[in-house]
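Let's walk through this structure together, one group of side chains at a time. Keep the sequence and the model side by side as you read.

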Amino acid sequence: MLQFRAMAKLGVYIQVPFCQTKCTYCNFHTGVVPARRFAPYVEAVCREIRSHSLLRGAPGVSLPAGLTVDSVYIGGGTPSLLEPRLLGEILQAIRNSFSCALDEVTLEADPETIEAEKAADWAASGINRISFGVQSFIDDELKSAGRRHRAAHVYQGVGMLRNLGFANISLSPEHVSTYIMEIDEGSRLGLEVLEGGSRYSARELPNEELMADFYALAQRELRSAGYQQYEISNWAKPGFPSRHNLKYWRREPYLGFGAGAHSFSGTERWANVHDAAAYVASVSAGQSAVESIDTVTRELAFEEELFLGLRQLAGIDLRRIERQYGVDLEEKLLHLASRGMVEREGNMLRLPADKLSVSNEIIVELLR
C-alpha cells in the first residue's frame with residue numbers, strides 16, 4: 001500500500017496529449033487528432049479523478065485524511081485547444097473529489113489559441129495562471145520549429161489576458177522559463193541532425209558553447225529586468241514562482257491524471273499508459289490506467305535530493321540530508337568548493353549561478 005508523505009498539500013497534474021501540429025524538435029507522447037476525440041478523453045480524465053481510489057487499485061494508493069489540493073497544472077500537448085467547458089469539467093471533478101484550496105491553477109496555452117471569449121471562460125472556471133509556449137520571437141525560427149504562432153500572436157494574447165484580469169502569466173512580467181535546447185534523437189529535427197540533413201534548419205543549430213553563452217546572457221538580462229532566478233530554468237518576480245513546479249523539485253507529493261501522467265507519493269513513482277486511446281479504453285472499462293510503478297529506494301531518494309534540490313537556487317539543507325541518508329559529503333564538497341563549483345552558507349549548499357549550466361557534472365561528482 002503506497003502512502004503519501006505526511007504533508008497537508010497536494011499537487012494535481014492533468015495531461016492533455018493533443019496538439020495542432022507536431023513541432024520538429026518534439027518527441028513527447030502527443031499527437032494531432034480530430035477535435036471529436038477531445039470530449040471522450042476529458043470524460044475519461046474526469047472519471048479517473050472521481051474514481052482514483054478504485055482505478056489505482058493496482059498500486060494501492062492511499063490518500064491520508066486532510067490532504068488538500070492547492071495547485072493544479074494542466075499541461076500537454078496544447079490543453080488550450082480544449083473547449084473551456086471541458087477544462088471546467090476537469091476542474092470541477094477535482095473540486096468534487098478532493099479537499100481543495102486552489103491557490104494556483106495553471107493552463108499551458110499556445111499564443112495563437114488565445115481568444116477573448118475563451119480566456120474569459122478560463123478565468124470563470126478558476127484558472128488564474130497562463131503558461132505561454134513562445135519558443136521564439138523570431139518568425140523564421142518559429143517556422144523552422146513547426147510552430148503555428150508568430151510573434152504578433154504573443155503580444156495579442158498577452159494583451160487579451162491582461163484585459164481580462166490575469167495577473168500571473170509565464171511571459172513578462174511575472175514569470176519566465178528559459179531552456180537550453182536539447183536535440184532528441186527521436187524527433188524529426190534529431191533524426192535530421194543524425195543524418196546530416198538540412199531540413200528544419202538542422203545545420204544552423206548553435207553548438208553547446210554558444211548555447212551556454214545564450215544561457216548566461218539570459219541570466220544577466222533577466223536579473224537586470226528584476227527577475228529572481230529560483231531554479232535552473234525558471235525566473236520570477238517576487239511572489240510569483242510556480243508553486244506547482246516547486247513540488248517536483250522539493251519532492252512533494254502530486255497526483256497525475258491523463259495519458260502518460262506521472263505521480264509521486266514520496267516512496268513510489270508511477271505512470272499511466274502513454275497512448276491516449278489505450279488510456280481512454282482502460283478508464284472507461286473501470287480499470288487502472290497505471291502502466292508502471294517504481295519504488296523509490298533509499299539510494300534513489302538520496303540521488304533525487306541532490307539532482308532535484310540543487311536545481312533550486314536556494315539549494316539544499318546539507319546537514320538534514322547527511323543525517324537522513326547516513327552520508328558524509330564533506331571531502332567531496334571541499335574539493336568542489338576549492339574549484340568554485342559549490343557555495344555553502346550555514347547548513348545550506350547551493351550551486352553558484354555561473355555554474356548552473358554544468359550542474360549535472362557537479363552532481364555526478366558528488367554522487368561518485
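Tyr41 is buried, with a relative accessible area of 2%; here buried means under 20% relative accessible area, exposed over 50%, and partly exposed in between (1.4 Å probe, protein chains only). Tyr279 is buried too, at 0% relative accessibility. Before going further, please note that this is a predicted model, in which local features need pLDDT of at least 70 and side-chain atom pairs count only at pLDDT 80 or more, while totals for chains, interfaces and linings use all residues. Residues are numbered from 1 along each chain as its sequence is written, and side-chain values use heavy atoms, with hydrogens and water left out.

How do we describe two rings that meet? A pair of aromatic rings is described by the distance of the centres and the angle of the planes. Rings of Phe, Tyr and Trp (its six-membered ring) pair if their centres lie within 6.5 Å; planes under 30 degrees apart count as stacked, over 60 as edge-to-face, and the rest as tilted. By this rule the model has 11 aromatic pairs. One of them joins Tyr41 and Tyr279, a tilted pair with 5.6 Å centre to centre and 45° between the planes. Because Tyr41 belongs to helix α1 (residues 38-50) and Tyr279 to helix α10 (residues 276-284), this pair ties together parts that are 238 residues apart in sequence. Helices (H or I, at least four residues) and strands (E, at least two) are DSSP runs, numbered from the N terminus.

Another tilted pair is made by Phe98 and Phe257, with ring centres 6.4 Å apart and planes at 55°. Phe98 sits in the loop between α3 (84-97) and β5 (99-109) and Phe257 in strand β10 (residues 254-257), so this pair ties together parts that are 159 residues apart in sequence. Phe98 is buried at 10% relative accessibility, and Phe257 is buried at 0%.

Which residues does Ala259 touch, beyond its neighbours within four places in sequence? Its contacts (heavy atoms within 4.5 Å) are Gln15, Pro17, Tyr41, Val273, His274, Asp275, Ala276 and Tyr279. Ala259 itself is in the loop between β10 and β11 (262-264) and is buried, with a relative accessible area of 2%. From Ala259 to Ala271 there are 12 residues in sequence and 8.7 Å in space, C-alpha to C-alpha.

Next come the charged side chains. A charge sits over a ring if NZ of Lys or CZ of Arg is within 6 Å of the ring centre and within 35 degrees of the ring normal. Arg269 lies over the face of Phe264 in this way, at 3.9 Å from the ring centre, and Lys237 lies over the face of Tyr227, at 4.9 Å.

Arg269 also has a charged partner: its side chain meets that of Glu304 in a salt bridge (2.9 Å, N to O). A salt bridge is a side-chain nitrogen of Lys or Arg within 4 Å of a carboxyl oxygen of Asp or Glu. This pair links distant parts of the chain, with Arg269 in strand β12 (residues 268-272) and Glu304 in helix α11, 35 residues apart. Arg269 is partly exposed, with a relative accessible area of 22%, whereas Glu304 is buried at 10%.

A search of the whole structure finds 16 salt bridges. Among them is the one between Arg251 and Glu305, whose closest N and O atoms are 3.9 Å apart. Here Arg251, in the loop between α9 (243-249) and β10, is linked to Glu305 in helix α11, 54 residues apart. Are these two partners buried or exposed? Both Arg251 and Glu305 are buried.

Arg344 and Glu330 form a further salt bridge (3.0 Å, N to O). Arg344 is in strand β15 (residues 343-345) and Glu330 in helix α13 (residues 330-338), 14 residues apart. Arg344 is partly exposed at 34% relative accessibility, and Glu330 is partly exposed at 26%. Finally, salt bridges that share partners join Arg251, Arg269, Glu304, Glu305 and Arg320 into one network.
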